[in-house]
Amino acid sequence: MRHAIARLGALAALLAVVGLLPWLSRNDPALTVLRAKSAEQEATPEALDAIRADLGLDAGPLALLGRWAAGLLRGDLGTSWVSGYPVGPAVVSGLGTSLTLMASALAVALLLAAALCAPTVWRGARGTLGEGRPGGAIGAALVACPDFLIATVGLIVVGVWLGWLPTSGWHGPANLVLPAVSMGIPAGALLGRLVGDALPGAFDERWVALWRSAGVTEGRIAFGVLRRALPAVMPQFGMVVVAVTGGAVAVETIFAVPGIGRTALGAAKSQDLPLLQGCVLALMCLGLTAGALGHLARRAMLGSGLRDAALSPPPPPRSASGPRQYAVPAALAAILALVVVWGLLRDPLTVDVTAKLLHPSWAHPLGTDALGRDVLARLGHGAARTAGSAVAVCAFGFALSLALGFAPRASAGVADVANAVPAVLAGVLVAAALGPGTAGAAVAVALVSWPNLTAHAAALTQEARAASYLTAQRALGASPAWITVRHVLPEVAGPLARHAVLRLPGTALAIASLGFLGLGTQPPTPEWGLLLDESRAYVEVAPAAALAPAIAIACLAALTVSSANLARAPRRKAAFA
C-alpha cells in the first residue's frame, strides 16, 4: 500500500510539473498555441486574448490542473489546444503504434542479446569457459551505436540506395523493419552485456560443479545458470520496454512514425498541455506495469531461495589480472587522447565555404563539414561537453544508486515514475526551466537515468543479503553493519560499478540525442550529438566526416567496457565446500 501511494504521489507531482510547462518556459502559452495553429496569423492582442479566454489561461495553472484532473476522473483526457480534437483517441493511436514498434524492437533486442550470450552459456555448461567477456568488443560497439544514427544509415543505404524497404510512414509490416532494427540493436547489446556480466559468477558457484560431477546434462546446467543469473538484471528488461517505447522520439521522427514519443515531443514544443499530459500519463502507466512485471518475474525465478535466505554464496576470491588485459583499453585511450588533443589545437568555429565537405587530408585529417569547419577540431572540442557530462552523470547515478540500493523503499515510487519518463521529455522540461544547453541536457539525463542503476543495486543487495553463509555470520554474533560493510557492500559495488561504466556511452548518447533534437548544446558550439545531427545531410557526400563522431562514441564505449572488465580477474575453478 505504501509503495502504491508513493507511486501515485510521484505521478501526480510529475503531471503537475508538466502542467506548469508554459509558465516554466516563461513564454506566453497563448502565443505558442497561436503559432502552432497557424504560423501565418498575426499575433494581435485581440487574437491572443481570444485564445486565453477559450483555453482558460487567465485562471492560472492550478485551475487548469484541477479542471484536467476532474475530467480524468470521468475518463476524459481533455481536448487538444491546437487541433481541437479529443486527446484520448490521439493518445490511444500513438500508444498502439509505439507498442507495435516496441514489440518488434524488443524481439530484435532479445535475439541480439541471446546471440551475444550464447557462446558463454555453451562453453560454461561444458566447463570450458575462458576469460573472454560475452560479446565484449561487439557488444561495446553496438551499445555505442545511437539509434538515430543506425536509423539514418539504414534509411540511406537500405531505403534509398537499395530501395528494399520504405523510408517513412506507417502503412504495413515493411515500415516496421528499419525502425525496429534501429531501436533493437542498442537495447539488445545492453541487455546482452548485463546478462553476460552475471553469467561467469553464476558458473563459478559451487552448485554448478556439484551438478556437473553428478552427471547433470549440459542443457540442464545452462538452464539453471540462466535462471540464477537473470534475476539480478530482470528489472532492466522492464526498463528497456519503456525506453524503446517512449524514448524513440528520434527514430520516430526520422521515419515519420506517429508514435506516442513523437506525439509527446510535438505537444511539448507547441505547449499543448492536454495532449502532453495524456501522453505522459500513458507512458507512466506503461512504465509502472512493465516495472511490476519485471519484479514479479524476478521473484518467481529466484523462488524460495530468496525468501529462505538460501542462495548460493559468492564465488571464491580470484587472482590478479594479467598484463594483456590492459592492451586494448590502453590502445583505445591513446587513440581517443590523440584525437581529442589534436582537435583541441585547432579552431572549431572558423567557417570556410570554399573548403566545405572536403575529404580527409593532412590539412583536415577528418575532412570538413557543410560550412567548411574542421571536423577534427569540432570533435576534439566537443569531447569535454559530451564525454565529460556523461562521466559526471554516471558518477552521480552510481553514488545515488549505491545508497538507495540498501534502502529500496525510500525510492520505490519515485524510481518507477522517473524510469518511465523519456529523456527527451525531461529535456523539454529542463530546457523550459533552464534553457537549452549542455548543462540542462546533463541534468535531464541524470533525472531519469538513476532508476536503472538503483533497480540493479536493490536486486544485488537483496540477493547478497539472502546468501546462506550470512546466516552463520549472524549466528556468530556479527552485527548488521559489519555484515553490510564486510560482505554485502563488496558484492554490490563491483557489479554496480561495471553497470555504471557500461552505461557511460549510453549516457553520452542520451545527452547527444538531446542535442540532436535541439534540446541540448546549441550551435555553433561543437558537441557530438550536434555533429551527428549536422552530418545526416552529407553522409553520402562526405562519409568520413559524417561518421567521425559515431566512431568516437564507439571507441569511448569500447574503452569504458574494456576498462570495466579489468576489475574482473581470471576465473578460478569452483571448488566443493
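Me: Cys 394, buried or exposed?
Reply: Cys 394 is buried, at a relative accessible area of 10%. Buried means under 20% relative accessible area, exposed means over 50%, and partly exposed is in between (1.4 Å probe, protein chains only).

Me: What kind of model is this, and how are residues numbered?
Reply: This is a predicted model, where local features need pLDDT of at least 70, side-chain atom pairs count only at pLDDT 80 or more, and totals for chains, interfaces and linings use all residues. Residues are numbered from 1 along each chain as its sequence is written, and side-chain values use heavy atoms, with hydrogens and water left out.

Me: OK, salt bridges. How many?
Reply: The structure holds five salt bridges. The term stands for a side-chain nitrogen of Lys or Arg within 4 Å of a carboxyl oxygen of Asp or Glu.

Me: Which residue does Glu 205 pair with?
Reply: Glu 205 pairs with Arg 228, and their closest N and O atoms are 3.3 Å apart. Helices (H or I, at least four residues) and strands (E, at least two) are DSSP runs, numbered from the N terminus.

Me: Are those two buried or exposed?
Reply: Glu 205 counts as buried at 5% relative accessibility, and Arg 228 counts as buried at 16%.

Me: Which residues are linked in a network of salt bridges?
Reply: Asp 369, Arg 373 and Arg 378 are linked that way. Between Arg 373 and Asp 369 the N to O distance is 2.9 Å. Between Asp 369 and Arg 378 the closest N and O atoms are 4.0 Å apart.

Me: And where do they sit, buried or exposed?
Reply: Arg 373 and Asp 369 are both buried, with Asp 369 at a relative accessible area of 3%. Arg 378 is buried too, at 1%.

Me: New topic. How many aromatic pairs?
Reply: Two. Rings of Phe, Tyr and Trp (its six-membered ring) pair if their centres lie within 6.5 Å; planes under 30 degrees apart count as stacked, over 60 as edge-to-face and the rest as tilted. Trp 207 and Trp 211 form an edge-to-face pair, 4.8 Å centre to centre, with 70° between the planes.

Me: How far apart are they along the helix?
Reply: Trp 207 and Trp 211 are four residues apart in helix α10, so about one helical turn separates them. Trp 207 is buried at 17% relative accessible area, and Trp 211 is partly exposed at 27%.

Me: What about Trp 342 and Trp 362?
Reply: Their ring centres are 5.9 Å apart and the planes are at 55°, so the pair is tilted. Trp 342 lies in helix α17 and Trp 362 in the loop between α17 and α18, so the pair ties together parts that are 20 residues apart in sequence. Trp 342 is partly exposed at 30%, whereas Trp 362 is exposed at 72%.

Me: Which residues form the nonpolar patch on the surface?
Reply: Leu 338, Val 341, Trp 342, Leu 345 and Trp 362 form it, with about 620 Å² of accessible area together. Patches are made of residues with over 30% relative accessible area and no salt bridge, joining like charges within 9 Å and nonpolar side chains (Val, Leu, Ile, Met, Phe, Trp, Tyr) within 5 Å. Accessible areas come from the Shrake-Rupley method with a 1.4 Å probe, and for residues only the protein chains shown count as cover.

Me: And inside, how many residues are in the largest nonpolar core?
Reply: The largest nonpolar core has 94 residues, and those with the most contacts inside it include Val 91, Phe 255 and Trp 528. A second, separate core has 31 residues, among them Phe 203 and Ala 290. A nonpolar core is a set of buried Ala, Val, Leu, Ile, Met, Phe, Trp, Tyr and Cys residues joined through side-chain atoms within 4.5 Å.
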